[in-house]
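Please keep the sequence and the model in view while reading.

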Amino acid sequence: MENLIKKTARDLAKSKKVIALTGAGVSVESGIPPFRGKGGIWEKIDPMEFAHIDSFMRDPAKVWDILIREMKDVVEKARPNDAHIGLARLEELGILSAIITQNVDGLHQLAGNTDVIEFHGTFALQRCLKCAKKIETAKVSLDEIPPKCECGGILRPDCVFFGEMIPPQHLFRSSKISRECEIMLVVGTSAVVYPASNIPGDAKKSGAKIIEINPENTPLTGSISDYIIKGNAGKVIKEIVSEVELLL
Ligand code: OAD
């Protein structure tokens, strides 16, 4: 692992066209549970029953009660960890130009990254189903479930539910920067949810080197990714950044 960290640092230090694709694993060390694997949310509840748009429309109170209420609490308490901080440092050093994240927690922006494509939307805002007005999640009271807008419409997170389209502007830009990058860091994603799961393959086809950081293998490992650095994102990224700083 030591060697792979040094190798990654050398590649990063030489390149100005690095982007990252991140998933729930990057926020695990911030106290936000992942969806799959050990302690995963989908182990406890069925995503089709609680995270599909049809389920939300059928019974918004149930989805707010079981999933969104807890998410609000967990996300509001979370702070960037060494993985988010390290990726922000790589931007500051002029190495990392953008992050495509499947996460909705806003922690990359809080750490300081300025170009973050929120592929699955954001949990920072709620959107009214009736008038489409957006309200900061932090300002939404949970005294009434489901919470409502001033106009009386029900609020929903400004995130992509299963069964919904990825915002087209995010698809377009992600695809463009993936085709242009030299290195893609793929951090903390199980790479099983389409279309985000196709992003590393698209980058690879355009000639990018794909480096995974994840304690577990994924469907990309040994096929799409050039190699995997096995470990927790916080520790691995911190070590990579220290090595990069020695090389600059
Ligand atoms: P998953 O929960 O599917 O996968 C989390 C990944 O993070 C796994 O591969 C873990 O091995 C890895 N992991 C766990 N702890 C880690 C750590 N400390 N450091 C690095 N990696 C770690 O999360 P995503 O791939 O992001 O979609 O899931 C994709 C989408 O599925 C989510 O955006 C969400 C979900 O359903 C929607 O809600 C639309």
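A salt bridge is counted here when a side-chain nitrogen of Lys or Arg lies within 4 Å of a carboxyl oxygen of Asp or Glu. By that criterion, Asp11, Lys14 and Lys209 are linked in a network of salt bridges, and a search of the whole structure finds 20 salt bridges. The model is predicted, so local features are required to have pLDDT of at least 70 and side-chain atom pairs count only at pLDDT 80 or more, whereas totals for chains, interfaces and linings use all residues. Residues are numbered from 1 along each chain as its sequence is written, and side-chain values use heavy atoms, with hydrogens and water left out.

**Salt bridges, pair by pair**

- Lysine 139 forms a salt bridge with glutamate 136, and the closest N and O atoms of this pair are 3.3 Å apart.
- Within that pair, lysine 139 is exposed, with a relative accessible area of 64%, while glutamate 136 is partly exposed at 41%; buried means under 20% relative accessible area, exposed means over 50%, and partly exposed is in between, using a 1.4 Å probe and protein chains only.
- Aspartate 226 is joined to lysine 204 by a salt bridge in which the closest N and O atoms are 3.2 Å apart.
- This pair links distant parts of the chain, since aspartate 226 sits in the loop between β8 (209-213) and β9 (227-229) and lysine 204 in helix α9 (residues 199-205), 22 residues apart; helices (H or I, at least four residues) and strands (E, at least two) are DSSP runs, numbered from the N terminus.
- Both partners are partly exposed, aspartate 226 with a relative accessibility of 39% and lysine 204 with a relative accessible area of 30%.
- In a further salt bridge, the side chains of lysine 235 and glutamate 239 meet at 3.1 Å, N to O.
- Because lysine 235 and glutamate 239 are four residues apart in helix α10 (residues 233-247), about one helical turn separates them, and glutamate 239 is partly exposed, with a relative accessible area of 30%.

- Histidine 120 is placed in the loop between β3 (116-118) and β4 (121-128), where its relative accessible area of 15% makes it buried.
- Once neighbours within four places in sequence are left aside, histidine 120 is in contact (heavy atoms within 4.5 Å) with Thr101, Gln102, Val104, Cys159, Val160, Ile166 and Val193.

**Cis peptide bonds**

- Isoleucine 145 and proline 146 are joined by a cis peptide bond with omega of about -5°, and proline 146 belongs to the loop between β5 (134-136) and β6 (155-159).
- Tyrosine 194 and proline 195 are likewise joined by a cis peptide bond, for which omega is about 5°, and proline 195 is found in the loop between β7 (183-187) and α9.

- Alanine 132, although not a glycine, has a positive phi of about 70°; alanine 132 lies in the loop between β4 and β5 and, at 48% relative accessibility, counts as partly exposed.
- Alanine 191 also has a positive phi, near 55°, in a residue other than glycine; alanine 191 is located in the loop between β7 and α9 and counts as buried at 11% relative accessibility.
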